[in-house]
Amino acid sequence: MGSDDESRPSEDTDTRVSAITPLRPSALGPDRAYLVALAGLSRGEMFKLDGPRSIIGRSPNAQIRLVDDGVSREHANVALVDDKAILNDMGSTNGTFCNGVRVTSRELVDGDKIMIGSTTILKFTYHDHLDEAFQQQMYESALRDGLTKVFNRKHFNDLLAKEFAFASRHSTPLALLFIDLDFFKKVNDTFGHPAGDYVLAEVSGVLSGVIRGEDVLARFGGEEFCVLCRGSERAGAQEMGERLRQEIADRRYIYGGKIIPVTISVGIALMPDPEITQPEALLAAADKALYEAKRAGRNRVVVAAPGTVG
């Protein structure tokens with residue numbers, strides 16, 4: 001690329017730990033119950049278990065929302081009863097498995113592996129507040145780009161796959177903004193690579209300040225960034241692209257006492273689009289629109305027309 005009707009997966013699909021009521025409170029040992037995703041689109045996420053019952057599934061009412069293949073709307077739940085955690089299947093189509101055995105109801109013990117759907121594996125475990133902080137820090141570090149601190153490409157691809165699956169299933173709007181810094185090689189060549197790193201960090205900060213809380217920003221590679229805008233149709237996505245472009249152009253970038261001119265070009269691809277059937281096609285459409293923006297003179301926004309993939 002260029003240098004069955006549930007609501008959307010609003011996890012934000014971003015880094016998150018859901019709210020919880022502590023289980024087995026103790027001044028010393030672990031006292032919070034969690035499910036940690038070991039495999040599936042949500043791998044790496046930690047879910048604190050809400051009492052008295054946490055539903056797992058695709059439904060908007062699910063406290064633990066999973067959109068992987070084979071997951072029912074309300075697939076299973078974990079009920080906290082006294083000092084026990086009970087896993088219950090909720091009549092799911094494909095069944096709930098614990099340590100490889102299909103179950104309808106089972107008391108969980110620390111370390112149990114819960115298999116749901118085609119790809120999702122959840123580990124049941126207890127953590128104290130120090131464990132929680134450490135695990136969250138490790139999770140964050142695996143998701144973030146070291147320089148800009150926004151999401152990295154790998155995590156963005158995971159989030160894109162999740163959001164794309166939802167948008168495809170429900171024909172809901174989804175916009176992908178592909179952003180590239182104009183003439184960034186000239187910045188490095190003229191002002192030096194430390195200046196280039198400064199610009200990348202500053203640009204990511206500006207972009208982060210403009211996007212909505214539900215949007216996802218990632219460094220895609222080099223001087224490229226992507227923004228995933230849930231629920232955004234053409235007008236809203238184009239407005240967002242123009243805001244980002246203008247904010248970047250209006251900011252003063254000074255490094256080593258020298259002013260560095262910085263602008264961006266933005267390509268936008270939208271769903272639903274009958275020609276876009278895979279996440280890679282959405283990226284390709286946005287990349288193609290970005291190329292058009294650069295060919296038209298840079299420092300501008302271009303929206304891909306429907307059916308123009310390829």
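## Close-up views of a predicted model

Figure 1. With a relative accessibility of 0%, Phe 124 counts as buried (under 20% relative accessible area; exposed is over 50%, partly exposed in between; 1.4 Å probe, protein chains only). The structure is a predicted model, where local features need pLDDT of at least 70, side-chain atom pairs count only at pLDDT 80 or more, and totals for chains, interfaces and linings use all residues. Residues are numbered from 1 along each chain as its sequence is written, and side-chain values use heavy atoms, leaving out hydrogens and water. Aromatic pairs are Phe, Tyr or Trp (six-membered) rings with centres within 6.5 Å; planes under 30 degrees apart are stacked, over 60 edge-to-face, and the rest tilted. By this rule, there are 4 aromatic pairs. In one of them, the ring centres of Phe 124 and Tyr 126 lie 5.1 Å apart with planes at 75 degrees, so this pair is edge-to-face. Tyr 126 is buried too, at 9% relative accessible area. For Phe 156 and Phe 220, the centres are 6.3 Å apart and the planes stand at 90 degrees, so this pair is also edge-to-face. Helices (H or I, at least four residues) and strands (E, at least two) are DSSP runs numbered from the N terminus. Both Phe 156 and Phe 220 are buried, and together with Phe 178 they make up one aromatic cluster.

**Figure 2. The largest nonpolar core, and a second one.** A nonpolar core is a set of buried Ala, Val, Leu, Ile, Met, Phe, Trp, Tyr and Cys residues joined through side-chain atoms within 4.5 Å. The largest core has 32 residues, of which Leu 177, Leu 181, Val 203, Phe 225 and Leu 244 touch the most other members. At least two residues of this core come from each of β12 (174–181), α3 (184–191), α4 (193–210), β14 (224–230), α5 (234–250), β17 (264–271) and β18 (301–303). Helix α4 gives the most, with 7 residues. If you zoom in on Leu 244, you will find contacts (heavy atoms within 4.5 Å) to Leu 177, Ile 179, Leu 207, Val 210, Ile 211, Val 227 and Ile 264, not counting residues up to four places away in sequence. A second, separate core holds 24 residues, including Leu 143, Phe 178, Val 216 and Leu 228. Across the chain, 50% of the 310 residues count as buried.

Figure 3. The chain has 6 helices and 18 strands. Strand β11 (residues 120–127) has 6 of its 8 residues buried, so the rest of the structure largely encloses it. Strands pair if DSSP finds at least two bridges between them. Strand β1 (residues 32–39) runs antiparallel to β11 and is joined to it by 7 bridges; Ala 39 has Ile 121 in β11 as its bridge partner. Strand β10 (residues 113–116) is likewise antiparallel to β11, with 4 bridges, and here Ile 114 is partnered by Leu 122. A hairpin is formed by β10 and β11 with 3 residues between them, and Gly 117 in its turn has a positive phi of about 70 degrees.

Figure 4. Strand β6 (residues 84–89) meets β9 in the antiparallel sense over 3 bridges, with Leu 87 opposite Arg 106 in β9. Ser 54 is part of strand β3 (residues 53–57) and is buried, at 0% relative accessible area. Beyond residues up to four places away in sequence, Ser 54 touches Leu 49, Gln 63, Ala 76, Asn 77 and Val 78.

Figure 5. Met 271 and Pro 272 are joined by a cis peptide bond, with omega about 5 degrees; Pro 272 sits in the loop between β17 and α6 (279–295). Ser 171, in the loop between α2 and β12, has a positive phi near 55 degrees although it is not glycine. At 52% relative accessibility, Ser 171 counts as exposed. Arg 298 is another non-glycine residue with a positive phi, about 70 degrees. Look for Arg 298 in the loop between α6 and β18, where it is partly exposed at a relative accessible area of 27%.
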